[in-house]
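Hi,

Here is the structure I promised to pass on. Have a look at it first, and then read my notes below.

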Amino acid sequence: MNTYTIDLNLQPTTFDLWHVCLAGTVAVLALILIVVLISVLLGLRRCKKAAPAPVVPTPMLQPEIKIVEKIVEVEKIVQAPAPEPVILKEATQDAALQLLSLLQKEARFIDFIKEDVSAFSDTEIGAAARVVHQGCTKALNEHFTLAPVSQDLEGSRVTLNKGFDAAAFRLTGNIVGEAPFSGTLVHKGWQVTDLRLPKLTEGHNAKIVAAAEVEL
Amino acid sequence: MSEGARYSVGIDLGTTHCVMSYVDLHADDDQVILTVLSIPQLTGPGMIEDKAQLPSFTYLPHHAEIAEGATALPWSAKPEHLVGEIARNLGSKTPIRLVASAKSWLCHAGVDCKQAILPADAPEDVERISPFSASKAYLQHLRDAWNHHFPENRLENQDVTITVPASFDPAARELSVEAARSVGLGQSVLLEEPQAALYSWIEKSEGDWRNHVQIGDVILVIDIGGGTTDLSLIAVTEQEGNLQLTRVAVGDHILLGGDNMDLALAYTVKAKMEQESGKRLESWQLQALTHGCREAKEKLFNQPELGSMPLVVASRGSALIGGTLRTELTRDELSRVLVDGFLPQVQASDRPVVKPRTGLRSAGLPYAQDAGITRHLAAFLAKQKDATSEFSHMANAENASFLHPTAVLFNGGVLKAGVLSERLMAILNSWLQAEQAPEARLLHGADLDLAVARGAAYYGYVRKGKGVRIKGGTAASYYVGVESAMPAVPGLAPEIEALCIAPFGMEEGSEQELPNDEFGLIIGEQVRFRFFASKTRREDKVGTRLESWGFDELEELDEIEISLPEEGKAPGEIVPVHLSAAVTEVGTLELRAISNRDDDKRWKIEFDVRAGED
């Protein structure tokens with residue numbers, strides 16, 4: 001087995017012509033390799049630069065590029081606000097707690113959701129659902145004014161002209177071509193036109209969404 | 001009227017809700033833009049919301065009940081009283097600390113309204129307040145809400161009109177004005193609620209109202225609010241070619257309203273549930289049921305195709321699904337309880353049932369014993385049969401057994417239900433038909449919930465001379481009881497004569513004296529007079545003495561009192577005086593004793609002596 005062992009620590013003890021030829025071949029091969037690699041890289045770069053030029057005249061691909069650009073914009077927005085949102089976050093937290101508290105107070109929302117419904121019959125759940133539904137309706141009507149985004153009937157054909165508000169109308173399905181877009185209104189959408197959340201006094205602990213009740 | 005006021009503000013100080021409305025007086029002429037002010041109020045500890053109505057409730061919290069700072073309002077870190085939505089919410093679970101219907105107490109004979117008596121059934125250690133200070137607290141809240149919204153135009157400097165029930169007696173009116181004065185609104189004037197409703201209707205028609213009424217019309221205003229029913233008659237007459245409105249009669253103070261209806265429904269459903277389940281419902285469940293009934297009632301009234309509405313009473317614990325009781329309110333029950341119960345099909349000759357009060361009178365409000373509103377209406381119209389006799393061209397038909405109204409104006413949330421308003425009209429018209437009189441028509445276009453506050457704000461505008469004004473004056477004639485000059489008969493109380501001191505329909509700003517009737521008043525002593533009012537005796541002049549009167553002609557009010565301060569005179573000295581009655585610009589009656597000797601010295605006679613019986 002010794003014949004196959006390669007001892008890397010071995011160093012040539014003699015420096016003869018055979019070794020000189022070997023070293024020369026290695027150097028030449030390495031040089032050729034470097035030259036080939038450089039030429040390949042340069043060629044690739046040239047190809048990249050040349051590639052968009054022939055695509056430009058085809059109109060079909062232009063919107064696709066626009067969409068790519070839009071995505072980039074969205075990403076920018078997410079990255080942009082760095083220090084300020086801390087305050088915003090605080091505000092939304094209180095408002096969310098407030099909404100939860102209102103839904104619990106008027107509609108027993110948390111009680112309902114936190115209960116295990118599997119143990120009850122549909123009639124029992126139905127009776128409780130009435131409490132929740134009536135209460136939610138009241139809470140929603142009192143604190144929000146809701147209006148549909150689109151005034152058209154669901155199921156009817158609608159056309160969106162160029163420059164439509166992409167936040168208010170979401171396109172789905174076969175999104176190709178350019179505005180005006182024509183399609184079927186699947187959901188009329190909802191928007192809050194007026195919001196009347198209660199104001200909170202200083203020191204009000206919004207995290208207590210429902211106080212424990214003790215009857216004396 | 002305050003000079004330089006920017007706004008005319010109407011305050012509907014209701015039994016169950018207060019509403020505030022205003023008109024900008026600096027806006028262009030012929031343009032009345034009425035706005036209802038949103039009133040910031042606590043809805044729960046630490047939570048403030050803007051609402052169009054301020055519930056007229058006061059809650060007296062235990063000091064350990066509410067966290068420090070949780071009752072702050074935008075204008076006050078710690079308001080003296082908890083009023084509005086929070087009071088109603090907290091009080092629904094702790095009724096012993098809730099003050100409700102303070103306004104009805106103001107017109108409750110035999111109670112001193114400045115004594116801390118409310119809540120009436122609170123245990124000993126609950127601190128009580130007087131009906132007067134409760135009313136004051138609502139006005140104060142409204143004032144602060146206004147000043148918070150209009151810091152440049154404080155309410156103290158605006159024209160303010162406060163509405164009172166037409167049936168309020170002079171003492172209750174005086175108390176309302178005094179409450180306003182004590183919160184800095186001394187410039188306020190009073191307006192009767194049914195009149196305010198008619199003003200609102202006139203304002204809403206934008207000048208078109210002249211085409212809906214004609215000379216000779218008698219408008220019956222039926223105002224069924226949360227706690228009271230108020231009736232008024234307004235005649236349409238002519239003066240110098242212009243239509244003129246004159247309020248000719250007002251009804252009695254009937255403590256019967258929408259809240260009674262909800263309660264009646266809740267008790268009906270409660271009985272049904274108890275029969276079905278065999279278990280008694282607790283009081284908190286009844287409360288939830290009342291609430292549910294109110295919503296179910298509105299749904300059933302608004303959607304005629306519904307046969308019944310499910311009602312649920314949720315458990316109090318966090319287990320919602322298992323503990324919820326379910327039942328339903330059927331259309332049959334609704335029409336049996338509300339339509340037949342409150343608006344029974346009666347004859348014009350029917351009268352409210354009056355059961356003799358039980359010996360022990362509980363310290364509560366004198367609620368109407370008969371829930372039949374139509375019977376109260378029949379009694380009112382019959383009593384006011386001759387209300388229009390002073391207008392020659394509109395005298396009632398000779399054989400009429402009651403006054404025939406030709407038009408009807410509704411007010412109050414209850415009458416939003418088409419079923420109820422149609423029923424009321426049908427019954428009234430059946431009475432008219434029976435006497436071959438033309439049917440009365442309904443004046444449409446009234447805003448039943450907010451009309452009173454809106455009409456009050458419009459009234460301030462009218463007082464500037466910018467619109468038609470309803471004439472009226474006092475809705476009753478007033479009398480003091482004087483002992484008649486006859487030999488005393490042992491065993492019999494001395495006979496009383498009623499001396500008229502203020503005639504029917506005395507106009508605001510007028511004064512009448514009785515120089516011929518002299519009384520001797522003793523310095524340093526209190527002198528009390530029995531005090532009477534009549535809503536039907538229109539012909540009596542000042543100084544008329546009645547020796548006898550019909551059973552329901554005169555109604556005894558609380559005694560009035562004069563006390564003469566010593567002011568440098570010897571106690572016991574007798575001063576001859578005569579009486580004078582004036583109706584102030586504000587709309588209150590003022591009685592004075594005028595000295596016959598020292599250059600017209602005057603002393604005010606107080607109405608506010610209700611503690612008479614202990």
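Let's start with the domains: the C-alpha centres of domain 1 and domain 3 of chain B lie 31 Å apart. Chain B is assigned domain 1 (7-191), domain 2 (212-255 + 364-471), domain 3 (258-342) and domain 4 (477-612), with bounds from an automatic or database domain assignment.

Before you go on, this is a predicted model, where local features need pLDDT of at least 70 and side-chain atom pairs count only at pLDDT 80 or more, while totals for chains, interfaces and linings use all residues. Residues are numbered from 1 along each chain as its sequence is written, with chains lettered from A and ligands numbered from 1 in the order in which they are written.

Now the sheet. Six strands of chain B make an open, mixed sheet in the order S18-S17-S12-S13-S14-S19 (strands are DSSP runs of E, at least two residues, and helices runs of H or I, at least four, numbered from the N terminus; two strands pair if DSSP finds at least two bridges between them). S18 (441-442) and S19 (470-471) of chain B are at the edges with a single partner strand each, so one side of each has no neighbour in the sheet. S13 (229-239) and S14 (242-250) of chain B pair antiparallel over eight bridges.

Leaving aside neighbours within four places in sequence, B:Leu198 is in contact with residues including B:Ile219, B:Ile234 and B:Ile470 (contact means C-beta atoms, placed from the backbone, within 7 Å).

Cheers

Note on methods: Two residues are in contact if their C-beta atoms, placed from the backbone, lie within 7 Å.
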